[in-house]
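Hi,

Here is the structure we talked about. Please open it alongside this note; my findings follow below.

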Amino acid sequence: MTSTPASAPPPAASPSGPPAASATPEQPSRARMTASAARPQQGGRASQGRPEDLTAVLVAGPRPPRPSALSVCLTFGWRAMLKIKHVPEQLFDVTAFPIMMTLMFTYLFGGALAGSTTEYLQYLLPGIMVMSVVMTTMYTGVSVNTDIEKGVFDRFRTLPIWRPAPMVGYLLGDAFRYTMASVVILAVGLVLGFRPGGGFMGVVAGIALLVAFSFAFSWLWTMFGLLLRTEKSVMGVSMMVLFPLTFLSNILVEPRTMPGWLQAFVDVNPVTHLVAAVRGLMDGDWPGGEISWTLIASGVLIAVFGTLTMRLYNRK
Amino acid sequence: MRTDTAKHTEPRQHDGPAIETSGLVKVFGDNRAVDGIDLRVPAGSVYGVLGPNGAGKTTAVKMLATLLRPDGGEARVFGHDVLREADAVRSRVSLTGQYASVDEDLTGTENLVLLARLLGHSKPSARKRAAKLLEAFGLEEAAGRQVKQYSGGMRRRIDIAASILNTPDLLFLDEPTTGLDPRSRNQVWDIVRAVVAQGTTVLLTTQYLDEADQLAGRIAVIDHGRVIAEGTPGQLKSSVGAGSIHLRLRDGAQREEARSVLSQTLAAQVQPEADPVALTARVQGGGTERGAAEQAALALAELTRSGITVDHFSLGQPSLDEVFLALTDHPAHDEGGQADGREPVSRSSQNGHDAEETRS
């Protein structure tokens, strides 16, 4: 890139003269004039916008007031929905995967554990719904991790908005995915013979609690998404966390037959309480204790991992 | 021209410089990416930050745009500290990063509507603003396509459009034309000129000298995380010399003689070129009483008197290329360099000549 005097100035630049003339604060009007003086020369460039438009569009008028935190979060949620629209393949893990899980475990354990698959399904379905959705939460971490490397995150971080909003936006999009996975599993269950005693309201309440918990739990993954360097390591860590949390619980079997030390873990595992609450709700009980336990656990998860996530986000 | 700018009455509350830094430092492991930068960027102009890859330009911009925390020193944007008053800074700046700072999965329209909504526009107003910008930037046909399908020039334009949804007081453009073809580059330049004409301050980083020359009112040359020279393009150029005389002789055999005549007349460096009949002489700036053209005329007369036939003669301004190479090829001379960026000119002028000598 040599700049011999002959080759350097582009055709449109020559009228604006020496660069020193390009708008010093004292002479805004002159700068404006040179800018517009350059205009007629651009007529030949067809695909570029008309220069008058360029100037007009820059006169943006008064700045709108700063948006509320809620509205910003919803806007980021909208972004997540747009991404689903453009890359619908990402719904695979909330459609095919849950169906596979439900069929697999129902027919694998049904006969052995409960005598018949239909019997077992009454017990298993709320649990397998929790397992599938909780396992899906880790994709939040993966998408944060892949996204953070892209330039668009730099732009979000330079906007004068409520700081956690981009993260909350992810989770709102994910809440949609969790709901979808739950509905898919419910549909498969109903086809296979699952008959919830709690009726419509019980099922809706159960799914709502599950989605709320998963929203809170996802902050663990936003944290890992920001903390770990690669997508692969996020996957690796998520397996280490998710397998014990989901299998060492009351999802597949009653904990009665487990050794004492294992029961001790199962009892404090938040997933156990979530499953008990969802199972109860779908059965038509309103297990107040288990519901409160789950909600408190959700609050603690947000407080701890939400804070850590934001700390990492601000430091990144 | 219906450029009714009377509407643009937004008050600019801060009278001081747009950017002011002192001793700004950022360290990554062993690498002092930014090693004590002092800058003073006047409001309302294009300020060029010129440097090779890895000089610390992007790191410095990221600190000023509140994306990175400085490890030392201070930086203020319109009087607001980038660390303690980050939010106030964010509300006045926009950043167009080196890599597309828009969402590649989304369409052009979706990107602009999304960002306009985040900046507080209502849905209808965001749509209107997005459509207007897409039109003005010649992107209306691509509005419904995902940005990942855009060409390099289109990406740059959508990126800059995203930065001026609300006209910012300060716009960071980090290497806005790197990798663009000349046509797209000219389009970006036009946009930059229009933006600055509306009163926005632009901090432009670039590794292209003609770009800084074309756009910037002042330039800071950065190398190894330090400012090694600062001034107007004119000052930087005159630090290397007032200009260069290029000669083509009729007879290559006379070149040595011509060379000695020229060095006596001009008291300057004269270099033979690869072309066996060509010579380049640097005309001294500043110190001498005579202007460059006058000196050149004198030299030409002297050559004629010595019986040397000159076929072709031209007097050119030194390019920023020469300034740049002169300054950056010799990091050893920058020791304790012009970190304050105040009076680098005389100093760098010396560097310039030394560098020229050894380089060729």
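**Strand β8 of chain B**

In β8(B), B:Thr201, B:Leu203 and B:Thr205 point one way, while B:Val202, B:Leu204 and B:Thr206 point the other way. All of these residues are buried. Please keep in mind that this is a predicted model. The strand runs over residues 201-206 of chain B and is mostly covered, with 6 of its 6 residues buried.

Which strands pair with β8(B)? One is β3 of chain B, residues 46-50, which pairs with β8(B) in the parallel sense over 5 bridges. Here B:Gly48 has B:Leu204 as its bridge partner in β8(B). Another is β7 of chain B, residues 170-174, also parallel to β8(B) over 5 bridges. In that pairing, B:Asp174 has B:Thr205 as its bridge partner in β8(B). From β7(B) the chain crosses to β8(B) through helix α6 of chain B, residues 182-197. This β-α-β crossover is right-handed.

**Chain A**

Now to the other chain. An unreviewed UniProt entry lists "transmembrane region" for residues 91-114, 120-142, 175-194, 200-221, 233-253 and 291-313 of chain A. I looked at two of these spans in the model.

- Residues 91-114 of chain A: 79% helix and 0% strand, with the end C-alpha atoms 32 Å apart.
- Residues 200-221 of chain A: 100% helix and 0% strand, with the end C-alpha atoms 31 Å apart.

Best wishes

Terms used: Residues numbered from 1 in each chain as written. Chains lettered and ligands numbered in written order. Predicted model: local features only at pLDDT ≥ 70, side-chain atom pairs only at ≥ 80, totals over all residues. Buried ≥ 20, exposed ≤ 12 C-beta atoms within 10 Å, placed from the backbone. Helix = DSSP H or I, 4+ residues; strand = E, 2+ residues; numbered from the N terminus. Pairing = 2+ DSSP bridges. Right-handed = clockwise from strand over helix to strand, strands pointing away. UniProt positions renumbered as here; feature names shortened; annotations may be inferred.
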